[in-house]
Amino acid sequence: MKTDIEIAREAKMIPIKEVAAQLGIVEDDLDLYGKYKAKLSDELIKKAEGNKKGKLVLVTAINPTPAGEGKTTTTVGLGQAMKHINKKAIIALREPSLGPCFGVKGGAAGGGFAQVVPMDELNLHFTGDFHAITAANNLLAAMLDNHLQQGNELGIDPNQITWKRCVDINDRALRNIVIGLGKKTDGVVREDHFIITVASEIMAILCLAQDIEDLKRRLSNIIVAYTYDGNPVTAKQLNAVGSMAALLKDAMRPNLIQTLENTPAIVHGGPFANIAHGCNSVRATKTALGLADIVITEAGFGADLGAEKFFDIKCRLSGLAPDAVVLVATVRALKYNGGIPKTELAKPDVEAVKRGIVNLEKHIENLQKYKVPVVVTLNAFVTDSEEETNYIKNFCEERGCEFALSKVWEFGGEGGVELAKKVVEVLENKKSDFTPIYPDEMSIKEKIETVAKEIYGANGVNFDPQASKAIAKIEELGFGNFPVCMAKTQYSLSDDATKLGRPTDYTLTVREVYVSAGAGFVVAITGSIMTMPGLPKHPAAFDIDLDDEGNIIGLF
């Protein structure tokens, strides 16, 4: 089997103008970034909002394992398969971060014969959206430090600065730094911190803003620090909003590319799901819904993170509501959850599947709490036995879920026809009664406890004193009605990455809480999760190169 990048390079891409024409988009509504990438015009976005709305399908997964689940691959393959059954569909995805591309996870363009292309350009720089977000974030940081240097008229307490700088690379050495060293003219000496760009509140704002006016309103509300008297200081008070918005002007517009089978794909925004809210932009999703009959989108990592935040943050704040959910699993991942080491996963072992299927069971239960129809799909491997597959199928159907095999990695859209037909059947015959897991009026602690108990399966929550103090301050400032964005490991339903399967009888620990007033949610950091990842001993960057013909190699 060829590598993903080899398959992508051999793809028969068509000009992006022809991809757009499939959706009735004319060339005047595109700003071309070469032959195969384009940004959609603001005029088209407004027009799409007034069109009849398509059906929204969310693709999510069980907790990720080293065995792989293939959530993005399934999303892309399902979109390709819709064309095979004559359905007008669009895929709506997040943009990849450079961090995982050069770290350990790799890119986010799908895999095998279910990819979006151009794969290398998508994973590296793309249309510059993330660079614009990084620049806007760091402009605000620079203006904040300049305010301190120029006399600190607002009375900002340097020990209560909450705004962090960002860069879209895994760089643990920047987590905690000291700035302003040197001469008096080199700035005020203080402790500072870096986060990865995808964890920036600017990223969340871009993905939740409905239009430029809403973008500027949200930017205005960003809390960057507190005064000596304990009052919040905002980006608006630093006069930073206009210049930040100018940097984000083009980044606000969704990007159009294609799959290996020339299916349209709108790719825009990219907050991580373990440290941010994990969904592509509201603008992209709503535009897609006005252009196609079926929109297939995804949320990051497992359903305990991505799907929960898609439902409780993105849908709540945008008015979106999913019509169906596709839950991706693999036989290999279930066996891994059942205690089988990665080296032994190719061997048939129904008993291991039975032990590990509790992870899938919990995700099914969680999704059903939101009153949305669920289709479980098994991302098939050639090593899967018929006995293992049948056991999983029966298990799902006994719990009220539809079931379908997916072979899109190997066969592209053709391998997803069974799944596509099942999804269409559900869309036509089952009604979604989508309901978030908690109401706005709940207290912040109650919201956190609801997610911990209902979604993660915890007995309760232990709030560090610092977290409790922060929650009290946030509610005092009037942000108690905000939804919560849980920062948690993706590898377990719990806050301990080593606990596989379905952990029970444990207490979730919340060690830090802060408000993203511009984005409109409260972030709760659990366990040892960090907002600036580090590189592994053998990062993917070791294997990426440029050949003599200018082709990128080693990217996956």
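User: Happy to look at this predicted model with you. In the hairpin of β12 and β13, which residue takes a positive phi?

Analyst: Good place to start! The hairpin of β12 and β13 has four residues between the strands. The two strands run antiparallel and are joined by three bridges. In this hairpin, the residue with a positive phi, near 85°, is Gly230.

User: Which residue of β13 is the bridge partner of Ile223?

Analyst: Strand β13 covers residues 232–234, while β12 covers residues 223–227. The bridge partner of Ile223 in β13 is Thr234.

User: How many of the five residues of β12 are buried?

Analyst: Buried here means under 20% relative accessible area. Strand β12 is largely enclosed by the rest of the structure, because its buried residues number five of the five.

User: Moving on to α19, how far apart are its end C-alpha atoms?

Analyst: Helix α19 takes in residues 465–476, which is 12 residues. At 1.5 Å a residue, α19 should span 16 Å. The computed distance agrees with that, as the end C-alpha atoms of α19 are 17 Å apart.

User: Over what arc around the axis do the buried residues of α19 lie?

Analyst: The buried residues of α19 are Ala467, Ala470, Ile471 and Ile474. They lie on the same side of α19, because the arc they cover around the axis is only 105°.

User: Which residues are exposed on the other side of α19, and what do the buried ones pack against?

Analyst: On the other side, the exposed residues are Pro465, Lys469 and Glu476. The buried residues of α19 pack against α18, β20, β22 and β23.

User: Is Ser318 buried or exposed?

Analyst: Ser318 lies in helix α12, residues 303–318. Leaving aside neighbours within four places in sequence, Ser318 is in contact with Gln210, Val282 and Lys286. Its relative accessibility is 10%, so Ser318 counts as buried.

User: Which residue has its backbone nitrogen 3.2 Å from a polar atom of the Ser318 side chain?

Analyst: A polar contact needs a pair of N or O atoms within 3.5 Å. At 3.2 Å from a polar atom of the Ser318 side chain lies the backbone nitrogen of Leu320.

User: Finally, how many residues are in the largest nonpolar core?

Analyst: Leu360, Ile392 and Ile448 have the most contacts inside this core. Leaving aside neighbours within four places in sequence, Ile392 is in contact with residues including Val331, Leu360 and Phe403. The number of residues in the largest nonpolar core is 85.

Terms used: Residues are numbered from 1 along each chain as its sequence is written. This is a predicted model: local features need pLDDT of at least 70, side-chain atom pairs count only at pLDDT 80 or more; totals for chains, interfaces and linings use all residues. Side-chain values use heavy atoms; hydrogens and water are left out. A nonpolar core is a set of buried Ala, Val, Leu, Ile, Met, Phe, Trp, Tyr and Cys residues joined through side-chain atoms within 4.5 Å. Buried means under 20% relative accessible area, exposed over 50%, partly exposed in between (1.4 Å probe, protein chains only). Contact means heavy atoms within 4.5 Å. Two strands pair if DSSP finds at least two bridges between them. The expected span of a helix is 1.5 Å times one less than its number of residues. The arc is that of the directions from the helix axis to the C-beta atoms. A polar contact is a pair of N or O atoms within 3.5 Å; within protein, one must be able to donate a hydrogen and the other to accept it, and residues adjacent in sequence count only if both atoms are side-chain atoms.
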